[in-house]
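Keep the 3D view open as you read.

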Amino acid sequence: MHQLVLWGAAGAMVFGGVVPYIPQYRDIRRTQNAEGFSTYVCLVLLVANILRILFWFGRHFESPLLWQSIIMIITMLLMLKLCTEVRVSNELNIKRRSFADFDLNYFWHWSKFTDYVQCVLTFTVVTGYITYLWLDSSLFVETLGFLAVFTEAMLGVPQLYRNYQNRSTEGMSVKMVLMWTSGDTFKTVYFILNQAPFQFSICGLLQVFVDIAILLQVYLYSYYPQKPVSHTAHPASTKAL
């Protein structure tokens with residue numbers, strides 16, 4: 001029975017992280033509108049999980065956490081593919097942007113999914129090579145682990161900021177955020193009970209606090225509607241985030 005519980009917890013850890021994105025994916029596909037979801041969430045999770053996998057080579061942690069990172073990377077690429085297709089089909093501007101342009105003004109706002117894949121592969125190769133060179137340094141490995149979990153802890157910040165700009169949570173799946181909160185709480189408890197590297201536990205708690213802040217936005221903007229914060233529109237589209 002104890003073993004079954006452990007297997008169940010491991011399975012929840014591997015696949016639980018991707019479940020919150022199912023309702024958001026379905027909403028975007030149904031409405032053909034991705035404005036309410038920040039694709040920078042995908043960027044944060046891609047960077048965090050690539051770094052976590054590299055950290056594993058320097059300091060092995062539990063296999064479920066490794067598999068979770070692999071599954072999450074695949075999920076975020078699928079989310080990016082859908083968001084890019086929807087955004088491009090709705091854009092009036094016919095000018096196309098690509099990763100090869102190396103234009104920081106349009107970073108993570110490219111016209112084709114393949115450009116995002118090129119960016120992710122470039123980041124993986126560069127960080128992988130640096131990790132290979134410094135793998136014998138315990139300081140580097142521990143720093144890499146901290147950067148991985150700290151980046152993931154910032155997962156909700158792009159969505160938090162987007163909601164603040166819009167003064168609304170319309171287009172964002174509340175189910176997704178509720179699942180974030182429950183999943184991050186479970187994950188943090190899992191880290192603590194299984195004595196995962198301390199970076200995991202600290203940043204897990206930070207992630208829960210960000211999730212709660214987004215839920216407070218849902219309440220605030222639902223019961224006390226406010227005008228959007230005035231900000232300069234993106235030269236190509238206001239859908240930059």
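Start inside, with the second largest cavity: its lining is made of Arg52, Val149, Glu152, Ala153, Lys187, Phe191, Phe200, Cys203, Gly204 and Gln207. Before we go on, a word on what you're looking at: this is a predicted model, where local features need pLDDT of at least 70, side-chain atom pairs count only at pLDDT 80 or more, and totals for chains, interfaces and linings use all residues. Residues are numbered from 1 along each chain as its sequence is written, and side-chain values use heavy atoms, with hydrogens and water left out.

What counts as a cavity here? On a 1 Å grid over the protein atoms alone, it's a set of points where a 1.4 Å probe fits but cannot get out; a pocket is an open set with protein on both sides within 12 Å along at least five of seven lines, and lining residues have an atom within 4 Å of a point. Grid points are joined across faces, edges and corners, and the volume is the space filled by probe spheres set on the points.

By that rule there are two cavities of 30 Å³ or more. The second largest cavity has a volume of about 40 Å³. Helices α6 (138-153), α8 and α9 (198-223) each give at least two residues to its lining, and α9 gives the largest share, four residues. (Helices here are DSSP runs of H or I with at least four residues, numbered from the N terminus.) Sorted by class, the lining of this cavity holds five nonpolar, two polar and three charged residues. For that sorting, Ala, Val, Leu, Ile, Met, Phe, Trp, Tyr, Cys and Pro are nonpolar, Asp, Glu, Lys and Arg are charged, and the others, Gly among them, are polar.

Which helices each supply at least two residues of the pocket lining? They are α1 (2-16), α3 (40-58), α4 (63-90) and α8 (174-193). Helix α8 has the largest share here, six residues. The lining of the second largest pocket splits into eleven nonpolar, six polar and three charged residues.

**The charged pairs**

A salt bridge means a side-chain nitrogen of Lys or Arg within 4 Å of a carboxyl oxygen of Asp or Glu, and the model has five of them. Here are some of them:

| Pair | N to O distance |
|---|---|
| Arginine 52 and glutamate 152 | 2.6 Å |
| Glutamate 142 and arginine 59 | 3.0 Å |
| Aspartate 103 and arginine 97 | 4.0 Å |

Take the pair of arginine 52 and glutamate 152, joined at 2.6 Å. Arginine 52 sits in helix α3 and glutamate 152 in helix α6, 100 residues apart, so this pair links distant parts of the chain. Are these two buried or exposed? Arginine 52 counts as buried because its relative accessibility is 1%, and glutamate 152 is buried too, at 7%. The cut-offs are simple: buried is under 20% relative accessible area, exposed is over 50%, and partly exposed is in between (1.4 Å probe, protein chains only).

Next come glutamate 142 and arginine 59, whose side chains meet at 3.0 Å. Glutamate 142 lies in helix α6 and arginine 59 in the loop between α3 and α4, so the pair ties together parts that are 83 residues apart in sequence. Glutamate 142 is partly exposed at 28%, and arginine 59 is partly exposed at 33%.

In the pair of aspartate 103 and arginine 97, aspartate 103 is partly exposed at 26%, while arginine 97 counts as buried at 19%.

**Out on the surface**Val126, Tyr129, Ile130, Tyr132, Leu133 and Trp134 form a nonpolar surface patch, with about 700 Å² of accessible area together. Patches are made of residues with over 30% relative accessible area and no salt bridge; like charges are joined within 9 Å, and nonpolar side chains (Val, Leu, Ile, Met, Phe, Trp, Tyr) within 5 Å. The areas come from the Shrake-Rupley method with a 1.4 Å probe, and for residues, only the protein chains shown count as cover. Valine 126 belongs to helix α5 (residues 113-134) and is partly exposed, at 44%.

Finally, find arginine 26 in helix α2 (residues 21-31); with a relative accessible area of 60%, arginine 26 is exposed.
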